[in-house]
Amino acid sequence: MRAQPQASHFINGAYQEDLHGRPLESLYPATGEVIARLHAAGSETVNAAVAAARTGQKIWAATPPVERGRVLLQAAALLRERNRALSELETLDTGKPLQETLVADAASGAECLEYYGGLAGTLTGEHIDLGGSFAYTRREPLGVVAAIGAWNYPIQIACWKAAPALACGNAVVFKPSEITPLSALKLAEILQEAGLPDGCFNVVQGFGETGAHLVSHPDVAKVSLTGSVPTGTKVAGLAAQTLKHVTLELGGKSPLIVFDDAHLDNAVSAAINANFYSSGQICSNGTRVFVQKGIKEAFLARLAERTAKARMGDPMDEAVDTGPLVSQAQYDKVTSYIEAGKAEGARLVCGGDRARVEELPDGLFVTPTVFADVADHMTIAREEIFGPVMCVLDFEAEDEAVARANATEFGLAAGVFTRDITRAHRVIAGLNAGTCWINTYNLTPIQMPFGGMKHSGIGRENGHAAIEHYSQIKSVYVEMGDVESAY
């Protein structure tokens, strides 16, 4: 079961240890077993990683873009080749079922590296004809990127940040979540094996203080964070002190609106995926499910019937589709929200208890939970739970649904289910959310930009849009004639 890496950090093309750093343990959430013991990076280790990135970035930026693309394509091929081993590691680190990690984690990372590997050679400037003279632009890298990951999709998030950054000619210092520290080290190995120069992708482990040191480092030009709104606020404040470029992908309390003409089973499937996949630990989840009153009870009955079929157990068993929560702290948080829902008067349709898996008595399992008759003012309807808890709210009219869906500080995602395609586009246009779906939910192809509005973030990941956040434009005016002056 042990997954102990060679050392805690990967800097300048090699593993390094910092025995003076704060101890850090990775636990298998299904058993509580320690699978790795590492150390957080102190200031000297962070400084060494940034210095290595500065040196490596100069070499990488001078590498022809097509060659940069080849390295990313080779790394994508290696990720696919080692998908099972990486998926098993991710399951041990996160507790997510192997059934999920085999298709959604390293596999998604490989798609991202492949996409930006193909895009790298196309990142050109433009020629601007000014008559007798002309101008042109150059798309140039920013320099050293500090990337901070979250614990729910560790290797996917690392790839989502590294791929566009590297395609543009930057170097990266990546800090994984202290809860899930392992797969980023394997990604560093793979990038190195694929031909990435030393120092261009470094990994430093640590807690909040390590991230703060990295974000405030004077030689870091860009910060990309996936995390909570409070963490994003702190990171933005630190980055603002030195006017760093910032991308923030933060939390959400996203609406999924189901009209009475929707395909019922498809809408139920989407609600299940939008609340219980990865045990509900997904930032874009549609946790406020607004169901039009005409189909509310039919929707709830079908939802309860299908949710009862969830298979909970050892995440390493590919037949299991529902795993534990990632940590004791997250488990305590989610179960406290369930108790708040009961206390505030929401109707419990199914779940609502701490689950016990007989063969895994120490596992952090929570039964998929559905509350109905949820009111907008309730705590479970306002705050991000980040666990398998669905809130079903009912509505009568379209305008009402849109207004209530928008009545939140968040704006990450939203979905609409209806057979009326005109209404679908009209409602989506009225929703204050950065990533939206019609008649599906939570599909995030690499080609499509992903990100939020309002408190859910700044900037976009994936798609061509991410290139704008990892590069800068230099404009050059070329005079072809004489230069005149007043004297």
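Student: Which residue stands opposite Val478 in β20?

Tutor: Phe134 stands opposite Val478 in β20, where a strand is a DSSP run of E with at least two residues, a helix is a run of H or I with at least four, and both are numbered from the N terminus. This is a predicted model, in which local features need pLDDT of at least 70 and side-chain atom pairs count only at pLDDT 80 or more, while totals for chains, interfaces and linings use all residues. Residues are numbered from 1 along each chain as its sequence is written, and side-chain values use heavy atoms, with hydrogens and water left out.

Student: How do you know that strand β6 and β20 pair?

Tutor: Two strands pair if DSSP finds at least two bridges between them, and β6 (residues 134–141) and β20 have eight bridges in the antiparallel sense, so by that definition they are paired.

Student: Why is one side of β5 and of β20 left without a neighbour in the sheet?

Tutor: The open sheet has three strands in the order β5-β6-β20 with antiparallel pairing. Because β5 (127–129) and β20 (471–478) stand at the edges and each has a single partner strand, one side of each lacks a neighbour in the sheet.

Student: What makes Ser279 count as buried?

Tutor: Buried means under 20% relative accessible area, exposed means over 50%, and partly exposed lies in between, with a 1.4 Å probe and protein chains only. Ser279 has 4% relative accessibility, so this residue counts as buried. Ser279 is found in the loop between α10 (264–276) and β13 (288–292), and its phi is near 55 degrees, a positive value in a residue other than glycine.

Student: Is Leu243 buried or exposed, and how do you know that?

Tutor: Leu243 has a relative accessible area of 74%, so it is exposed. Leu243 lies in the loop between α9 (229–240) and β11 (245–249), and has a positive phi of about 55 degrees although it is not a glycine. Most residues other than glycine have a negative phi.
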